[in-house]
Amino acid sequence: MNKARNHRYGPVTFSVSAALFLFVLALSSFPTRAATPSPELLSLLGELKTHLELGYGEDLRAGDCRADIKQKAAHAYRQAAAAALLQEVVVKPLEDGAIFTLKMLFPEGQIAQLLLKGGLDTYSLYKCYLDAEGSQNSFARCFYDVVISRIADEGVDDLFGAGGAAEELFGEAGKGLKPVTGMLDDANPVKGKVSEFYGKAWDYISGVGKAYHGKSERWNGEAKLCKNAQVTAVWSKRPRSRARGGRLAVHISFEQCDCTTKTEARRGVYFATIPVKYVRVKGGKPGFRLDLSRIRERVSGECCAGKIVEPDRCDFPTMERPVCENNCSEDKQCTFTYRTRLGKSCYSCKPKPPPPPPPDMCDAPAMEEGACNAACSDGECRFSYQTTGGKRCFLCWSKPQPPEECWAPHTRFKSRCEANCERGQCLPASYKLRDGASCYYCKKDPPPQWGWKNPCPPCQPLKDALDHLYDRWKQLQEERRKTWDEIGKNGEAQDRARKRVKRLESRLSASGGTGGKSTDPKTGITISSYDQGDGTVKITVRDREGRIIEERTRPVESKEQIRQRLEKARAELKALEEQEQALRKRLQEIAKEISGINEKIPKLRARLEDCIAKRCKGEACDAPFMDRLSCSKSCPGRGGKCEFGYTTSGGAECFQCRVSGGGPWDGGEQISVGGGTTIEVIDVKHVSGNNPYDRTDPVAEDPNNRDTGEENGTGGTISVIPYGGFFYPVDQLTVYGTDVGCPVDHYHSATGLAASCSGAIHADPDPGGCGFGRVSDTTTLPLSSCPWP
Amino acid sequence: MNILARPLLISLLLALSCQVQARQFRQLAPIATPAAAARALPEGAKPVTDPRPLPRGQVERLLRGVLAKWNSAGMAQTLAPEFYDRTRLLDTVDRLAPRDATLRLLSLQGIQTLQQYELDGRRVSIVSATARTQLEFNDPTLGFVRRQGVNEFILRITTPAGP
């Protein structure tokens with residue numbers, strides 16, 4: 001920055017810049033030909049001459065040649081501007097333009113002449129053009145005001161004198177002014193024919209103004225001072241806001257001066273810019289004058305002592321602060337730009353910066369997180385919102401103050417809570433008191449959901465009875481299973497006994513000869529025995545092809561011994577048969593009892609479910625239970641005590657008055673039916689698929705298809721074997737080939753038991769024989785006739 | 001004679017044929033009158049002046065209760081006395097339905113309140129509800145068995161008369 005400033009204010013730079021300024025000014029604004037200066041320029045040069053002469057002796061500063069530069073510049077200027085005029089000059093082009101404009105507005109009659117003769121100054125007329133600043137309306141308004149005010153000030157008669165000029169002005173003859181007075185108003189000053197007149201006048205005077213102010217004038221003078229003393233003045237006539245006559249720039253330079261003292265200047269440059277005012281001269285005519293109060297001078301050069309003098313001026317467009325404050329419009333402000341080497345502060349008009357954006361901060365009472373945490377000691381900081389700048393704002397939420405006393409119906413004494421909390425649990429509340437104590441409340445147990453497995457007390461006897469029946473049913477089932485097992489074992493024992501009897505009988509019959517043999521047709525094994533005569537019998541076992549499989553000997557038994565053993569075996573077989581009969585009898589008894597239980601269980605279960613529906617799930621207590629109030633009213637008279645019985649699913653608490661600790665329910669059939677909505681099925685019409693309310697088969701997939709299948713015989717059949725009036729599905733049986741007991745293929749059950757189509761379970765009727773029957777007796781039945789399996 | 005008899009005979013035949021064509025099978029359709037409607041109601045019942053169809057949700061809830069009692073001791077209570085072959089159905093269900101068989105309501109298709117009257121201070125609604133049901137039970141050999149069906153239930157729903 002300093003480097004830049006030094007560079008900016010170096011002497012060489014200054015000279016170059018000043019020369020460049022003048023060069024550019026000369027090239028851009030002036031014709032190359034040297035024109036004769038206008039009288040008004042000569043007048044302005046004379047005014048400056050006076051100013052410079054009066055300024056001798058200023059800016060004297062010890063050790064500085066600034067005053068000498070200024071004196072020499074004034075001296076050079078005085079020599080060069082010898083021809084300058086020292087009096088005010090009327091600007092003729094402007095005066096002529098104003099007069100012609102007035103005449104254009106009043107083209108007929110003598111009005112324009114009379115107005116000018118009466119004292120209407122051309123200065124004011126042209127000033128209307130300058131003040132209009134390009135606005136035709138403003139020009140018309142100003143022109144009209146000037147004319148009217150002039151007439152009002154002087155009076156019509158005085159202004160126009162005798163001769164009917166006033167009548168001419170305001171009568172039919174004054175066509176120039178009439179439209180002006182009649183049509184001008186604040187809203188629309190120019191209208192109709194008036195605009196036509198004023199338009200032409202405006203066109204003309206604006207042409208005059210542009211022609212005059214569009215040119216600049218330059219004047220060069222020479223002086224005999226030092227060497228190469230030159231004086232140049234450039235008048236830029238372009239109107240400015242406070243200088244309607246433009247600005248005059250004067251440049252005086254000299255060099256190679258003789259030095260006698262240190263305070264003299266060896267070379268120097270004087271540069272001044274002076275605003276030119278538009279003024280009234282010579283009784284109301286347009287003229288120009290320098291505004292010397294706003295002159296801006298700049299002095300630079302080199303002193304004889306070698307010191308460089310720099311212009312202690314703010315370089316354009318910078319200004320000193322007072323100048324800046326006067327020149328800046330409201331939308332601009334004076335901004336410090338730089339400081340000269342001599343310490344002068346320079347300012348420039350710059351647009352005011354846009355108002356600063358609202359600070360990115362949290363609006364109270366919201367705070368930033370850190371501030372909130374610091375300030376919110378008794379509460380909790382919770383996020384509230386986020387600013388546009390992304391700052392997160394928090395609010396301090398004060399924690400609820402714990403109460404001093406428990407909220408009703410809570411109590412701080414757990415024992416008191418428990419005393420009043422029947423069928424519930426005293427739990428601490430979610431809050432604590434200010435002293436830290438807890439509050440307790442009674443949380444009632446939810447009403448029980450009574451059901452088949454968990455009936456309410458009035459229905460409990462039914463449940464107990466049902467449980468008893470189920471237990472008995474299970475016992476009987478288990479006993480029946482064991483009995484069947486015993487029967488099976490008994491059957492096996494009988495088979496063994498029969499075989500033993502058969503074997504002994506054959507042995508007894510064979511003991512009469514010397515030998516014999518038997519063949520098993522199924523296996524083809526032949527067993528032959530031969531008495532060898534030495535007290536032993538040789539037994540040979542051969543296969544189907546006659547090959548010997550086994551040979552052994554046994555001692556020869558006597559017939560008596562065989563007979564004894566046969567009798568014993570027969571007795572054993574008989575005992576087994578009697579045992580089987582006893583077991584089968586027990587089975588019948590079990591079946592009968594189970595059948596009885598099966599009949600009882602549905603009825604009892606129906607009663608239980610009915611009881612649950614009507615006595616447990618309602619909202620009213622059922623006799624002998626009653627609500628607490630009713631119980632307390634009736635019970636004390638009988639010397640009893642109300643004891644809690646149960647809670648209905650609807651939440652009603654039921655009590656029972658116990659006089660001597662009697663049972664809660666006598667098992668009576670009195671069931672109260674509460675009023676409510678009931679539903680009954682009148683009919684069910686089958687549409688498709690299963691019909692669970694079908695009277696013939698509610699489980700069938702489709703009753704219609706089932707009937708069709710049976711009628712057509714295309715399905716729905718099952719293979720059964722009839723035996724003993726029952727039909728046994730053969731898929732639960734096993735086919736056996738011919739054996740000793742049955743010469744044809746026949747059925748046995750692997751378990752010894754089989755279920756008939758009616759659901760009855762039977763043991764194998766002929767375990768040693770043909771079992772459930774011959775395979776050739778197999779037949780088929782419709783499935784509907786054999787639903788059980 | 002023949003000339004006279006022929007036209008007469010033809011005319012007679014035409015007249016008879018017209019009579020035959022006029023004959024048709026007609027059913028006796030009584031004209032709907034308040035008295036006729038009242039005769040269709042049970043004894044002591046009064047027709048309601050402001051019939052209100054039962055809400056679908058209420059019918060669905062009640063029907064679920066009815067189906068839940070199928071194959072249980074409470075099934076008898078869900079059947080109206082006039083249910084045709086009521087006892088036979090109960091016996092058949094007892095005999096054929098597996099012990100664990102349950103009936104479930106899958107969806108309720110259409111509901112229509114067919115009739116409504118007041119009897120003994122209670123409002124009785126005859127409602128038709130078409131429902132898709134599913135019968136579920138475990139078979140020892142087939143495993144879990146489910147059988148769906150669509151049936152139209154004619155229900156009698158009794159509610160408090162109300163305001």
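Glu53(A) is partly exposed in this predicted model, with a relative accessible area of 33%. That value lies between the 20% and 50% limits, which is why Glu53(A) counts as neither buried nor exposed.

**Glu53(A) and its surroundings**

- Glu53(A) sits in helix H3 of chain A, which covers residues 39–54.
- In sequence, Glu53(A) and Ala74(A) are 21 residues apart.
- In space, the C-alpha atoms of Glu53(A) and Ala74(A) are 6.3 Å apart.

**A nonpolar patch on chain A**

- Three isoleucines, Ile525(A), Ile527(A) and Ile549(A), make up a nonpolar patch on the surface.
- Together, Ile525(A), Ile527(A) and Ile549(A) have about 240 Å² of accessible area.
- Ile527(A) belongs to strand E16 of chain A, which spans residues 526–531.
- The relative accessibility of Ile527(A) is 39%, so this residue counts as partly exposed.
- Patch members need over 30% relative accessible area, and Ile527(A) has 39%.

**The open sheet in chain A**

- Here is a sheet of four strands to trace in your viewer: chain A has them in the order E15-E16-E17-E18, and the sheet is open.
- The pairing in this sheet is antiparallel.
- Strand E15 (515–519) and strand E18 (548–555) of chain A are the edge strands, each pairing on one side only.
- From one strand to the next, the twist averages 15 degrees.
- In general, strands of a sheet pair through backbone hydrogen bonds, in either a parallel or an antiparallel way.
- Seven bridges link strand E17 (residues 536–542) of chain A with E18(A), in the antiparallel sense.

**Chain B at a glance**

- Chain B has five helices and four strands.
- Along the sequence, the elements of chain B follow the pattern α-α-β-α-α-α-β-β-β.
- Chain B has 163 residues, and 35% of them count as buried.
- Take the contacts in chain B between residues at least 6 apart in sequence: 61% of these join residues at least 24 apart.
- For chain B, the accessible surface comes to about 10,700 Å².
- Carbon and sulfur atoms account for 58% of the accessible surface of chain B.

Methods. Residues numbered from 1 in each chain as written. Chains lettered and ligands numbered in written order. Predicted model: local features only at pLDDT ≥ 70, side-chain atom pairs only at ≥ 80, totals over all residues. Heavy atoms only, no water. Helix = DSSP H or I, 4+ residues; strand = E, 2+ residues; numbered from the N terminus. Buried < 20%, exposed > 50% of the residue type's maximum accessible area, 1.4 Å probe, protein only. Patch = residues over 30% accessible without salt bridge, like charges linked within 9 Å, V, L, I, M, F, W, Y side chains within 5 Å. Areas by Shrake-Rupley, 256 points an atom, 1.4 Å probe, with all protein chains shown as cover. Salt bridge = Lys/Arg side-chain N within 4 Å of Asp/Glu carboxyl O. Pairing = 2+ DSSP bridges. Axes fitted to C-alpha atoms, helices over the stretch in contact; angles between N-to-C directions. Contact = heavy atoms within 4.5 Å.
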